[in-house]
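Please find below some notes on the two-chain model.

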Amino acid sequence: MSTVKVTGKKNARSPRRIAVNVLVHILLGILAVIWVLPIFWIVLTSFRAESGAYTNTFLPQGYTLNNYIKLFTDRNVLNFPKMFTNTLIIAICCCILSTFFVLSVAYSLSRMRFKFRKPYMNLAMILGLFPGFMTMIAQYFILKAMGLTEGSAIRIGLIIVYSACTGLGFQIAKGYFDTIPRSIDEAAVIDGATQWQVFTRITMPLAKPIVIYTVMTSFIAPWVDFVFAKVICRANADQFTVAIGLWNMLQKEYIYQWYTCFAAGAVVISIPIAILFLYMQRFYVEGMSGAVKG
Amino acid sequence: MENRKINVKNALKYGDLYTRLSAAVMGLGMIGHKQIAKGIGVLVCEIAFIYYMINKGIHSLSMMPSLGTVEQGKVWNEAKQIYEYTTGDNSQQILLAGVVTLFVIAGIVALWILQMRHSYKLQKMIEEGEHVPTLKEDIRNLFDKNLHITLMTLPCVGILIFNIVPLVYMISMAFTTYSKEGDHLMLFDWDGINQFVRVLNLNGNIGRQFWHVLGWTIVWAIFATFLNYILGMILAMIINRKDTKGKAFWRFCFVLSIAVPQFVTLMIMNIMLQPSGAINVLLKELGLITTSLPFWSNKIWARITIIVINLWIGIPYTMLQVTGILQNIPGELYEAAKMDGAGPVKIFFRITLPYMLFVTTPYLIASFVGNINNFSVIYLLSGGGPTYVGDTAGQTDLLVTWLYKLTVDQQYYNIGAVIGIMTFVILTIVTLVTYRNSSSYKNEEAFM
């Protein structure tokens, strides 16, 4: 044993090994700079004093907080605070509905056995192969027929669009449920628990990571979608979500005035989402490896 | 007692009066067999259905073959000095109402079959002296052994109304003349498979663009999927090397870029790579170039830029996903290979890659499908451009972004629908072929 250890240490100190290690760290350093640079740049831009979209220097010449102040106080052209509350309301409703849908479907498919089970899973796979945008226009027409494309009803329309079909995205949650031993459920059933009690009192607490993951992903969805929101809001500026607002700031008519505010808005939105994401990435990894194994 | 199967045929043949009558008056079989509340519920559904059909349904169905004939008229109003529009038929609404009616009919047929079977089952239970579940027991069962019905009903209704109905509606549009071309936005007709012929015909303008876009879509999906996969895996392996210091820090740097919402980073990239954007400015400051690089205006540049930026986005994702799986590779495999004197490159191609391919084939298929449908990367980065004069599709457009442009911007709904169907067909073929040929399908035994 000891001889193996010694040779191992010798190897680690050998010039070739050191050279490889140094090279690897330099490579990682360069890659890390490439990956972090755009984010660093947008943060700097959000504090940039010079207005306009393009400047002649890579780094800003002066720094200011005005971009953030303008973003939250200028309500005439692009009403960012209003967009923020719109998105928050939609995100909260969407989060509740989608979490319920995803977990319900995932639990049923993982734990219950019924005739419709296999057909449902096949159907979900087939529906997943259609491009999502194909249904978008038709969804708009259906919402229009329901009267959900005018005024503040747009919000309800958006909530429906974001959460109605989430029952198809059960795979990660189901993969996680599959890894919870069934013997736990069976023991509870023998003790007289109903399936509902098993679902709410046993599986949910055991599957906490995936519950948190589902809550967060469904909360984030309305913040980062701009396509569906754009199609459904059309020109109703007071119903815009944050994503459309940011997208608009980069359009020809606004970009000169609003470019640095866009950077500020991007930073404001990204910080909470980044924190949520960094927090839930381990659940994501667990869910992935669980789903793949199952 | 003979043991007959519970199906509609037997229900009609051997059912008692109540069961047979429920073929006309739905729910009667339940009312007559001690399940009054349920029976009334079914009966209400039937009455609502008849009411709907008389009020709207029959009219909607009768309009389906013609999709409306009355054109929107323009009448000069002398008193007000303006043109007044008379309401004509709106084919798009007629088609939607027709599709919805067809779904309602399918629903009532399904309910009819279910209630026939159920009536017969109840009848048999009573004949055999079994206990018929009361309403209270039924409700209790909905939270116990029938919990899936309680849990799945709402999600299924959502999927039906906001995914399946729109899909059928959109597919039916592919067979019409619904398009801005020839002014068919208000009033359009059935058109058979003419639009499919147009899209597939290499000699036509649309057909030429279709094959062009399809080619690029496949090239893009292959590059985006496999480059991300292999490079992401290598990155994960470099970070997880025994001798790498500060693993958590490196991982954080890369994960940070995907923690920021994708649409934000993509828009930033688009701005940074503009002719007078930050990258060109930086390169000029460094004295490397004198004229701006044509990141978005040149076809080849745009395509390469998109693939490279997609690497920037995708590599951290792959790294995150494969890290756990990489650590599952049995250590003995590596040790044995090292004993035999295999170098790191050989080990990667002979052990790591085959193992990973075996385990992650479903993931690879999913990511290939995701890349073919990768809307936001293309739309936000290049917007599909550069676009040649006379084309609706740009040189970097994928089928999905072209579909979006055709429907939302151009209002060529029928062609958009055809493109959507073609995308589906291609994805189905790719998925089936790769899945059938994957080792995890052929050989479900463990990897060895």
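1. The crossing of α2(A) over α10(B) is left-handed (the near helix is turned anticlockwise from the far one by less than a right angle; clockwise would be right-handed). Helices (H or I, at least four residues) and strands (E, at least two) are DSSP runs, numbered from the N terminus.

2. On basis and numbering: this is a predicted model, in which local features need pLDDT of at least 70 and side-chain atom pairs count only at pLDDT 80 or more, while totals for chains, interfaces and linings use all residues. Residues are numbered from 1 along each chain as its sequence is written, and chains are lettered from A and ligands numbered from 1 in the order in which they are written.

3. Which residues make the contact between α2(A) and α10(B)? From α2(A) they are Leu28(A), Ala32(A), Trp35(A), Val36(A) and Ile39(A), and from α10(B) they are Trp250(B), Cys253(B), Phe254(B), Leu256(B) and Ser257(B). Two residues are in contact if their C-beta atoms, placed from the backbone, lie within 7 Å. By class, this contact has nine nonpolar residues, one polar and no charged. The classes are nonpolar (Ala, Val, Leu, Ile, Met, Phe, Trp, Tyr, Cys and Pro), charged (Asp, Glu, Lys and Arg) and polar (the others, Gly among them).

4. Trp35(A) sits in helix α2 of chain A. Leaving out residues up to four places away in sequence, Trp35(A) touches Cys253(B), Phe254(B), Ser257(B) and Trp312(B). Trp35(A) has 19 other C-beta atoms within 10 Å and is therefore partly exposed. The scale is: buried with 20 or more other C-beta atoms within 10 Å of a residue's own, exposed with 12 or fewer, and partly exposed in between, with C-beta atoms placed from the backbone.

5. Chain A has 14 helices and zero strands. The radius of gyration of chain A, taken over C-alpha atoms, is 25 Å, well over the 19 Å that the globule rule gives for 294 residues, so chain A is more spread out than a compact globule. The globule rule is 2.2 Å times the number of residues to the power 0.38. The C-alpha trace of chain A spans about 75 × 70 × 35 Å along its principal axes. Of the 294 residues in chain A, 40% are buried. Among contacts in chain A between residues at least 6 apart in sequence, 71% join residues at least 24 apart.

6. All eight residues of α13(A) are buried, so α13(A) is largely enclosed by the rest of the structure; among them are Leu246(A), Trp247(A) and Asn248(A). Helix α8 (residues 171-179) of chain A is mostly covered, with seven of its nine residues buried. The buried residues of α8(A) include Gln171(A), Lys174(A) and Tyr176(A).

7. Check the backbone at two residues. Arg234(A), not a glycine, has a positive phi of about 50°. Arg234(A) lies in the loop between α12 (227-233) and α13 (242-249) of chain A and counts as exposed, because it has 12 C-beta neighbours inside 10 Å. Lys34(B), also not a glycine, has a positive phi of about 75°. Lys34(B) is in the loop between α3 (28-31) and α4 (36-63) of chain B and, with 16 C-beta neighbours inside 10 Å, counts as partly exposed.

8. Chain B is divided into domain 1 (8-195) and domain 2 (197-442), with bounds from an automatic or database domain assignment. The centres of the two domains of chain B, taken over C-alpha atoms, are separated by 42 Å. Between them, 14 residues of domain 1 are in contact with 13 residues of domain 2. The domain 1 side divides into seven nonpolar, five polar and two charged residues.
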